[in-house]
Amino acid sequence: MANNLKDNEFDVIIVGGGITGAGTARDCSLRGLRVLLIERNDIADGATGRNHGLLHSGARYAVKDSESATECIKENMILRNIARNCVEDTQGLFITLPEDAETGFGLDYQKKFIDACIAAGISAKAIDPKDAIRMEPSVNPTLIGAVQVPDGSVDPFRLCSANVLDAKLHGAKVITYTEVTEFVKEDNTIKGVKVHNKKTGEDAVYYAPVTVNAAGIWGHSIAEMAGVHVGMYPAKGALLVFGHRVNNVVINRCRKSADGDILVPGDTVTVIGTTSTKVPFEECDNMSVTREEVELLLREGCALCPSLANTRILRAYAGVRPLVASDDDPTGRSISRGIVCLDHETRDGIKGFITITGGKLMTYRLMAEWATDAVCRKLAVAEQCKTAVTPLPGSEPKDQYSEVKIPQFAGANLGMKASIGRQGSMVRKIDFTNAEDRELVCECEQVTVGEIRYAVNELGVTSLRDLRRRTRVGMGTCQGAFCIGKAAAALAAALGKPEMADQLAADYLNERWKGMSAVGWGDTLREMEYLQRVYKSSNESK
Ligand SMILES: Cc1cc2nc3c(=O)[nH]c(=O)nc-3n(C[C@H](O)[C@H](O)[C@H](O)COP(=O)(O)OP(=O)(O)OC[C@H]3O[C@@H](n4cnc5c(N)ncnc54)[C@H](O)[C@@H]3O)c2cc1C
């Protein structure tokens, strides 16, 4: 918008590279603003990379929070169009078990649930339990009722990355591993931010007439830094990842929201979640999953799908929901998942500062639209939002990548097909012309050397953890045991720093270990021992 800006001057600065910040950066740049997005770690490192990946139909909220339910179903339909390569139409079942009838959530509740869904615009229909078993053979066969809804699954990493990529393609500057440490504040106006680059150790200052706080649960401290208070409620949720895709349809429990009542299939695995516990703000940076949480999730998961009892658990992880506090609910479950967009000029007398928070992954696009509308009002920009109808990079119609020829030998064929699934139409940017580029690095997830090069060149990857978020490398059944050395070497080569390979592998394994230690028994323990052996022997052989 503004002309003649210096290199460190922008129309808008966005703090936080989760889905909310990424979506806001995209919307602002599509409306012609000069955007700076700042993330202290990698993108999708906060709650965005630590959730179920459920593409909510809204049914879960229909009885208690019809506004959130309506927002969900509208955004569900939009995401199916604009983010084709990030979402999967799995459909969802809300099941009633015999024990639910004993706690007041029997078939009478099912009727109330269906009525609330229909009122919110969600197509929900009761189906015969036998049909539910045919639709999803892994579901608990003792079910006495089932409702089919348009749930799906969404890859949060891919969605976040596609928003960041589009923002960049429209001129945004994106800096990661850089923390906002202070605001440049004059009288009652926020004029910019001071930042610290965690990799280079350098400090810098950036200026803009508007700054958006999209820092999720950390938005609480960002607001304090700017001199305003946003009452937030840090609600931790724990989840478990199972070793293969146990179900193809999302399975939910048809009752008041409770622990461990959603089972979501995503890519090659299945995720069960979640719990809800208030945690101190100081703990949000260091979430770990307790033994009790694992046992609870496993018990409730088996009620949805009994075969989970004999399925290997790959890992456990936890995230913190950025909920805006409205009462003293000890679990945070009754707090609305509604969107909160605050203009701190009208609310607190602080000019040039907006907070966007609350909501869900599911409603990020709408959150970004609200935040960008608020930015545009401040900058007197009349451009309208286009994100509901403009496909994200990778999600353009298939004919845009039909020119990519898939060769007929098995390895390359699978790798290219997997790349198309992940990167959608952006696959045209991946080089498959020579044998080295077609070589498979991660067999579980079918990631090739070419896709790794693409992730480095176009998606801002600097470590194996970043690479995992863009390509799923090491996220499958072997958890990196077979591919970590190869992946580290391919990444180091793509970064032009082959000497970094060992360090990249060590950093990755340290981080993966955290998620495995909470579930270290049986097959998972055997896999951990094996992983340790592979790692040690590859180091000893050097
Ligand atoms: C357990 C769990 C399960 C969930 N399941 C679902 C689901 O299935 N479907 C759904 O729709 N939603 C789900 N959600 C909700 C969803 O994950 C969140 O609402 C959403 O990801 C929030 O995104 P965000 O960008 O606002 O916050 P975040 O993703 O947390 O991003 C905030 C970012 O700000 C950065 N940051 C913080 N401080 C600074 C600073 N000083 N400088 C620079 N950057 C900073 C952080 O590093 C972080 O990356 C779930 C949440 C949890 C916790």
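Domain bounds in this description come from an automatic or database domain assignment. For the protein, a predicted model, this assignment gives domain 1 (12-46 + 157-231 + 338-379), domain 2 (87-153 + 234-324) and domain 3 (398-540).

The secondary structure of the protein amounts to 17 helices and 23 strands. Its radius of gyration is 23 Å, close to the 24 Å that the globule rule gives for 542 residues, so the protein is as compact as a globular protein of that length. Taken along the principal axes, the box filled by the C-alpha atoms is roughly 65 × 60 × 45 Å. Of the 542 residues, 55% count as buried. Among contacts between residues at least 6 apart in sequence, 72% join residues that are at least 24 apart.

The relation between domain 1 and domain 3 was examined next. Their centres, taken over C-alpha atoms, are separated by 30 Å. Eight residues of domain 1 are in contact with eight residues of domain 3. On the side of domain 1 that touches domain 3, helix H6 (residues 156-169) gives the most, with four residues. By class, the residues on this side of domain 1 comprise four nonpolar, two polar and two charged.

The ligand is surrounded by 41 residues, of which the closest are Gly-16, Gly-18, Gly-46, Gly-216 and Gly-237. Both domain 1 and domain 2 give residues to this shell, so the ligand shell lies between these two domains. Helix H1 (19-30) and the strands S10 (178-186), S14 (232-242) and S19 (313-324) each supply at least two residues of the shell. The largest share, four residues, comes from S19. In terms of residue class, the shell around the ligand contains 16 nonpolar, 18 polar and seven charged residues.

Strand S5 (residues 92-96) illustrates a covered element of the model, as five of its five residues are buried. Burial extends to both faces of S5: Gly-92, Phe-94 and Thr-96 are buried on one side, and Leu-93 and Ile-95 are buried on the other. Two pairings of S5 can be described. With strand S7 (residues 145-149), S5 pairs in the antiparallel sense over five bridges, and Phe-94 stands opposite Val-147 in S7. With strand S15 (residues 250-253), S5 pairs in the parallel sense over four bridges. In this second pairing, Val-250 of S15 is the bridge partner of Gly-92.

Leu-298 is found in helix H8 (residues 291-304). A residue is buried if 20 or more other C-beta atoms lie within 10 Å of its own, and exposed if 12 or fewer do. Leu-298 has 18 C-beta neighbours inside 10 Å and therefore counts as partly exposed. Leaving aside neighbours within four places in sequence, Leu-298 is in contact with Leu-240 and Leu-308. Leu-298 and Glu-396, by comparison, are 98 residues apart in sequence, and the distance between their C-alpha atoms is 39 Å.

Notes. Residues numbered from 1 in each chain as written. Predicted model: local features only at pLDDT ≥ 70, side-chain atom pairs only at ≥ 80, totals over all residues. Near = placed C-beta within 6 Å. Nonpolar A, V, L, I, M, F, W, Y, C, P; charged D, E, K, R; others polar. Rg over C-alpha atoms; globule rule 2.2 N^0.38 Å. Contact = placed C-beta atoms within 7 Å. Pairing = 2+ DSSP bridges.
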